Amino acid sequence: MANIGLYIELKDGAFKKSNRELLSLAAKGGHNVHAVVFCQEAQPFMEELRGVGTVIQVKGADLSYQPDRYARALAAVILEFKLDVFCGICSAQGKDLFPRLAARTGAGLVNDCLAVDLENRRAVKPVYSGKLLAEYQVDGDKALFTIRPNVIAVEAAANSGAPVLKTVAMDSGDLGTHIVEVMRSGSQKIDLTEAEIIVSGGRAMKSKENFTLLAELADVLNAGLGASRAAVDAGFATSDMQVGQTGKVVNPKLYIACGISGAIQHFVGMKTSKVIVAINKDPEASIFKKADYGIVDDLFAVVPLLKDEFKRTLG
Amino acid sequence: MNIYVCIKQVPDTEASILVKDGKSINEAAIKWIVSPYDEYAIEEALKLKEKNAGSKVTAVCLGPDRVQNALRTALAMGADSAVHVESSVVLDSRSTARALAQVIRADKEYGVIFMGKQAIDDDASQLHILLAEELAIPAATNVLAFAFEGGKARVEREIGEGAREVIEMTAPCVVAAAKGLNTPRYASMMGIMKAKKIEIRKIPLAETGVDETQNKVRLLKLSSPAEKPQGRIIPGEPAAAVRELVRLLREEAKVI
């Protein structure tokens with residue numbers, strides 16, 4: 001049994017769904033689980049956090065994410081509550097925050113874990129962009145892990161006891177790395193790394209304008225919109241949409257690849273998708289070797305039909 | 001200002017990676033390159049130098065002898081000098097950060113330190129911040145835009161959903177580059193010739209006081225992931241194929 005800490009990440013003050021994966025991971029093995037959440041009021045989160053032993057609420061005048069303040073507060077919590085293992089989501093914020101915690105607590109960190117053995121402080125993560133898997137041991141008295149979203153099966157908490165609530169204060173000290181503004185894009189895009197469904201386009205989309213076709217399909221499915229490197233390099237899509245070795249690694253339930261040939265560069269970024277659908281008019285495209293379902297036809301004919309069929313079925 | 005860029009040499013993105021003895025990869029047929037995100041870091045370092053007369057760019061790389069080729073690439077692109085921290089042992093990110101920090105802090109005038117947001121071999125994604133924390137300076141990662149004025153860096157970092165954090169940091173600081181920050185230049189023939197004449201400064205790892213016994217993260221095993229079985233092509237006219245596909249996604253795969 002170990003003292004486990006979980007960093008409960010909020011987005012605009014709301015509980016992120018990926019936190020449930022952390023809670024499910026920690027619920028196994030009879031550990032003493034602490035959930036740390038930065039909020040003015042802990043009550044709205046207590047139902048989601050049911051089953052953990054202790055909820056540690058971090059309070060402060062300004063709780064907007066500032067790396068230095070968050071890292072100082074969490075490092076203090078890890079030491080004060082003697083947390084042996086501390087886990088978070090491998091999100092943009094998790095990847096910014098956890099290395100700071102590693103430096104400040106002296107603990108080893110493994111990012112982007114697919115599986116974690118909390119008792120033995122071992123984790124499996126993809127390396128070489130997912131071409132291989134590596135199993136790491138974290139030595140020393142503490143270990144840190146960030147977990148890739150959509151990997152751990154979510155189970156309802158067996159222990160229904162109400163957690164003990166403890167409150168700690170966050171300092172408002174100096175900021176070396178100062179976030180002065182958060183710019184939101186006009187269109188509310190879905191975060192690819194956490195998306196459950198992704199619609200993605202390749203070079204065969206032929207133009208930036210044609211990506212609207214995919215955006216419409218994505219809308220119907222409430223899906224994220226991705227692209228291959230070829231499409232990004234051709235200027236059809238922006239670089240934040242790129243899936244693959246030099247882009248994002250994604251892990252949705254459903255990945256729909258439209259006009260993507262399936263180069264290894266792209267494949268390593270999406271191969272852990274539960275189901276891959278490929279639409280390509282070239283029957284020799286290597287994407288078909290990797291897809292669960294394929295349609296060999298012109299995407300410009302198939303995609304609008306697919307949109308209508310999904311609309312009909314889901315509506 | 002002395003600008004630094006920390007780079008790593010990694011297998012080419014197209015390379016097939018095979019496990020050798022459960023703990024390392026077969027290096028026999030591998031073509032080595034500068035990790036792609038580090039190329040953005042080099043480019044941004046060179047751009048900053050061009051805007052700040054009197055600045056110099058130093059590329060630093062830790063690894064075995066072969067990494068000197070990566071340093072030559074950085075020199076050919078326009079870096080002024082290069083440091084090779086000679087190491088044949090495997091260091092974790094923390095130990096690597098400590099070794100690099102020793103090299104950089106010896107220069108009393110170091111300014112902005114650039115590097116990639118991750119190296120595409122171990123994808124550990126933490127060296128940049130560990131280095132900054134070791135040097136007790138600020139750091140931003142996943143950076144898509146960089147500006148520098150009056151000793152202050154202003155960067156934009158991508159945080160998903162198309163949103164960006166705007167961050168201000170006083171130099172010295174660490175900036176970890178993402179794709180989209182810039183378009184790396186190609187080395188010119190003149191650059192390549194010039195790079196050949198620059199002597200790479202070598203620092204044995206032992207001189208940094210760091211060794212592998214200080215690692216906290218230890219590799220136990222490397223393996224190839226299970227291959228996905230071949231899927232199936234849904235035949236028929238587009239309309240019929242689409243209907244069948246949606247049915248399969250719903251009833252067989254149960255993903256919608």
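**Where the two chains meet**

Guide: In S13(B), Arg232(B) is the bridge partner of Tyr293(A). Keep in mind that this is a predicted model.

Visitor: What makes S18(A) and S13(B) a pair?

Guide: Two strands pair if at least two bridges are found between them. S18(A) and S13(B) have two bridges, in the parallel sense. The count meets the cut-off, so they are called a pair.

Visitor: Which sheet holds S18(A) and S13(B), and in what order do its strands run?

Guide: An open sheet of six strands, with parallel pairing. The order is S15(A)-S14(A)-S16(A)-S17(A)-S18(A)-S13(B).

Visitor: Why are strand S15 of chain A and strand S13 of chain B called edge strands?

Guide: Each pairs on one side only.

Visitor: How many bridges join S14 and S16 of chain A?

Guide: Five, in the parallel sense. S14(A) spans residues 197-201, and S16(A) spans residues 254-258. At least two bridges are needed for a pair, so five is enough. One facing couple is Ile198(A) and Tyr255(A), the latter in S16(A).

Visitor: Which strands does helix H5 of chain A touch?

Guide: H5(A), residues 211-221, packs on the sheet and touches S14, S15 and S16 of chain A. Its direction makes about 170° with that of S14(A). Helix H9 of chain A, residues 299-314, packs on the sheet too. H9(A) touches S16, strand S17 (275-280) and strand S18 (293-296) of chain A. The direction of H9(A) makes about 135° with that of S17(A).

Visitor: Is Gly294(A) buried or exposed, and how do you know?

Guide: Gly294(A) has 25 other C-beta atoms within 10 Å. A residue is buried if that count is 20 or more. Therefore Gly294(A) is buried.

Visitor: Where is Gly294(A) found, and what does it touch?

Guide: Gly294(A) is found in strand S18 of chain A. Leaving out residues up to four places away in sequence, Gly294(A) touches Ala278(A), Phe288(A), Gly231(B), Ile233(B) and Ile234(B). As for Cys113(A), its C-alpha atom is separated from that of Gly294(A) by 30 Å. Those two residues are 181 residues apart along the chain.

**The interface**

Visitor: How many residues of each chain are in contact?

Guide: 67 residues of chain B are in contact with 78 residues of chain A. On the side of chain B that touches chain A, H6(B) gives the largest share, ten residues. By class, that side of chain B has 34 nonpolar, twelve polar and 21 charged residues.

**Inside chain A**

Visitor: How is chain A divided?

Guide: Into domain 1 (3-169) and domain 2 (192-314). Their C-alpha centres lie 32 Å apart. The contact takes nine residues from domain 1 and eleven residues from domain 2.

Visitor: What is the strand order in the sheet of seven strands in chain A?

Guide: The order is S7-S11-S6-S1-S4-S5-S12, in an open sheet with parallel pairing. The edge strands are S7 (108-113) and S12 (164-169) of chain A, as each pairs on one side only. From one strand to the next, the twist averages 20°.

Visitor: What makes S7(A) and strand S11 of chain A a pair?

Guide: Four bridges join them, and they run parallel. At least two are required, so they pair. Among the partners, Leu109(A) has Leu144(A) in S11(A).

**A covered strand in chain B**

Visitor: Why is strand S10 of chain B called mostly covered?

Guide: Five of its five residues are buried. Both faces of S10(B) are covered. On one side are Cys173(B), Val175(B) and Ala177(B), and on the other Val174(B) and Ala176(B).

Visitor: Which strands are joined to S10(B)?

Guide: Strand S6 of chain B is joined to S10(B) by five bridges. S7(B) is joined to S10(B) by three bridges. Both run parallel to S10(B). Gly116(B) stands opposite Ala177(B), and Ala140(B) stands opposite Val175(B).

Notes:
Residues are numbered from 1 along each chain as its sequence is written. Chains are lettered from A and ligands numbered from 1 in the order in which they are written. This is a predicted model: local features need pLDDT of at least 70, side-chain atom pairs count only at pLDDT 80 or more; totals for chains, interfaces and linings use all residues. Two residues are in contact if their C-beta atoms, placed from the backbone, lie within 7 Å. Axes are lines fitted to C-alpha atoms, for helices over the stretch in contact, and angles run from 0 to 180 degrees between N-to-C directions. Ala, Val, Leu, Ile, Met, Phe, Trp, Tyr, Cys and Pro count as nonpolar, Asp, Glu, Lys and Arg as charged, and the others, Gly among them, as polar. Domain bounds come from an automatic or database domain assignment. A residue is buried if 20 or more other C-beta atoms lie within 10 Å of its own, exposed if 12 or fewer, and partly exposed in between; C-beta atoms are placed from the backbone.
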